[in-house]
Amino acid sequence: MRVLLLGGTAEARALAAALTAEPGVHVVSSLAGRVARPRLPVGEVRVGGFGGVDGLARHLRDTAVDAVVDATHPFAVGISGNAVEACTRAAVPLLRLVRPGWADHPRSGEWEWVDDAARAARAAAAAGERVLLTSGRQTLAAFTGPLADHDVLVRVVDPVPEGEVPTGWTVLLDRGPYTLEKETALMVEHRTEVLVTKDSGGDLTRAKLDAAGALGVHVVVVRRPGAPDAPESVSDVDAAVRWTRQQRPRERRD
Ligand code: NAP
């Protein structure tokens, strides 16, 4: 049975490893190709967009995909929407694997929750001078205006081209997982007053929230965008493995 795994997350890599060990399952992981040196899952990998809903539906047919698991990031709503539409068109079963957000964090009630990056930028600008910005490369432009004169430490995976951030900002190239010890040291050294993050969820990048809480740093959290409804959804890798075991190759479906 051929499974297309839409990836780019730690959960997707864990699922790829688990499915590779399943008898009779051939899994192909798909990455967008956004970062220069992505962490690669085990097994077969393809890289790059499909060309919208039409391209994805065509890919499902041309490569005889029997089931799709969308394990992309909770903020990657474009590809998730495309997956819902393309799988409906191609009559391929779809599962969404999405990790729980951080709303259950013991300090989540103390955080300033906002709906998008533009609001996060305004909230951060008002909350303090020294900002640790960890909300990712794609929404950086929303912060450069409101935080142009702030002391911003921006953490990204890939280098930011010259001119994309104000000259006074500091760019820190790093990627998770992060430890509480290192996150605390970073915030102490930078004398961080405000932390900006998306509600990505999961454990790999959670330590910054614990460090901010202990240090009294103001936390601005961007809420998850409304995701398109997948027919079925689970929140952990084991459940996704169980779902995959229940799927059948096309020729053996009733
Ligand atoms: P997006 O806005 O939802 O998707 C934009 C386009 O990128 C899609 O229409 C698709 O192009 C292509 N694409 C996205 N994910 C793909 C995948 N797994 N395989 C093949 N093509 C993919 O996505 P995004 O927010 O830019 O995120 C891109 C990738 O980075 C995702 O796979 C996600 O899991 C990972 N990621 C995202 C974030 C985040 O904060 N957004 C954080 C960590 C990791 P076509 O229309 O041409 O098919």
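His59 lies in helix H2, residues 52-62; helices (H or I, at least four residues) and strands (E, at least two) are DSSP runs, numbered from the N terminus. The model is predicted: local features need pLDDT of at least 70, side-chain atom pairs count only at pLDDT 80 or more, and totals for chains, interfaces and linings use all residues. Residues are numbered from 1 along each chain as its sequence is written, and side-chain values use heavy atoms, with hydrogens and water left out.

- His59 is buried, with a relative accessible area of 18%; buried means under 20% relative accessible area, exposed over 50%, and partly exposed in between (1.4 Å probe, protein chains only).
- Leaving aside neighbours within four places in sequence, His59 is in contact with Leu4, Arg46 and Phe50, where contact means heavy atoms within 4.5 Å.
- The buried residues of H2 include Val53, Gly55, Leu56, Ala57 and Leu60, together with His59.
- Among the elements that cover the buried residues of H2 are strands E1 (2-6), E3 and E4 (67-70), as well as helix H3.
- Ala64, which follows H2, has a positive phi, near 50 degrees.

**Phe50**

- Phe50 lies in the loop between strand E3 (44-47) and H2.
- Phe50 is buried, its relative accessible area being 15%.
- Not counting residues up to four places away in sequence, Phe50 touches Leu4, Leu6, Ser30, Gly55, Leu56, His59 and Ile79.
- Between Phe50 and Arg155 there are 29 Å in space, C-alpha to C-alpha, and the two are 105 residues apart in sequence.

**The ligand and its surroundings**

- The ligand is surrounded by 22 residues, of which the closest are Gly7, Ser30, Phe50, Ile79 and Lys198; a residue is near a molecule if one of its heavy atoms lies within 4 Å of it.
- A polar side-chain atom of Ser30 lies 2.7 Å from a nitrogen atom of the ligand, and a polar side-chain atom of Arg34 lies 3.0 Å from one of the ligand's oxygen atoms.
- From a backbone N or O atom of Gly52 to an oxygen atom of the ligand, the distance is 3.0 Å.
- Taken alone, the ligand exposes 800 Å², and the protein buries 78% of that; accessible areas come from the Shrake-Rupley method with a 1.4 Å probe.
- Strand E2 (26-31) and helix H3 (77-90) are the elements that give two or more residues to the shell around the ligand, and H3 supplies the largest share, four residues.
- By class, the shell holds seven nonpolar, 12 polar and three charged residues; Ala, Val, Leu, Ile, Met, Phe, Trp, Tyr, Cys and Pro count as nonpolar, Asp, Glu, Lys and Arg as charged, and the others, Gly among them, as polar.

Key: Polar contact = N/O pair within 3.5 Å; in protein donor to acceptor, adjacent residues only side chain to side chain.
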